[in-house]
Amino acid sequence: MSVRGVQIHLGQAENLRDVESLGRMDPVVTVSAGKNATAKSQVHKDAGSNLDFNETLVLDVQGENELLLQVYDNEHIKDDELIGKAKINLDAVLAGQTFNEVVQLHTKHIHRRAGQIHVKITPIY
């Protein structure tokens, strides 16, 4: 039986890099696998740098073995600002295992940390 998709549970995020100049950040997460498979969390208004997303997303990953997770500060006037991102290898999930880890986020410069988020990924058959 082959894996046709994944269920992604977003949990506790901590120490997110603060990119807001006024007020508190409004974090939102996007996940993608390839060019056509994308899912987005709710915007967590005024949640700041430490929050529990407590949200589950579903994504079709057929033919893809890597997930791109990006956390943004939702903006109303300009484009959303990237807080941090991470790439997650899906080989174990595609083999039927569950990924359950705290993922380190990085800025666009991989050597700069931007916080962390707990992610649990389970296969969908």
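Of the 125 residues in the chain, 46% are buried, where buried means under 20% relative accessible area, exposed means over 50%, and partly exposed lies in between (1.4 Å probe, protein chains only). The structure is a predicted model, in which local features need pLDDT of at least 70, side-chain atom pairs count only at pLDDT 80 or more, and totals for chains, interfaces and linings use all residues. Residues are numbered from 1 along each chain as its sequence is written, and side-chain values use heavy atoms, with hydrogens and water left out.

The chain holds one helix and eight strands; helices (H or I, at least four residues) and strands (E, at least two) are DSSP runs, numbered from the N terminus. Read from the N terminus, the order is β-β-β-β-β-β-α-β-β. The radius of gyration is 14 Å, close to the 14 Å that the globule rule gives for 125 residues, so the chain is as compact as a globular protein of that length. Here the radius is taken over C-alpha atoms, and the rule is 2.2 Å times the number of residues to the power 0.38. Along the principal axes, the C-alpha atoms fill a box of roughly 50 × 25 × 25 Å.

Most residues other than glycine have a negative phi. N15, however, has a positive phi near 55°, and N54 has a positive phi of about 40°. N15 sits in the loop between β1 (5–14) and β2 (27–33), whereas N54 belongs to strand β4 (residues 51–60). N15 is exposed at 56% relative accessible area, and N54 is exposed at 55%.

Side chains of opposite charge can pair when their charged atoms come close. A salt bridge requires a side-chain nitrogen of Lys or Arg within 4 Å of a carboxyl oxygen of Asp or Glu, and the count comes to one. The partners are D26 and K45, with their closest N and O atoms 3.7 Å apart. This pair links distant parts of the chain, 19 residues apart: D26 lies in the loop between β1 and β2, and K45 in the loop between β3 (37–40) and β4. D26 is buried, at 5% relative accessibility, while K45 is exposed, at 54%.
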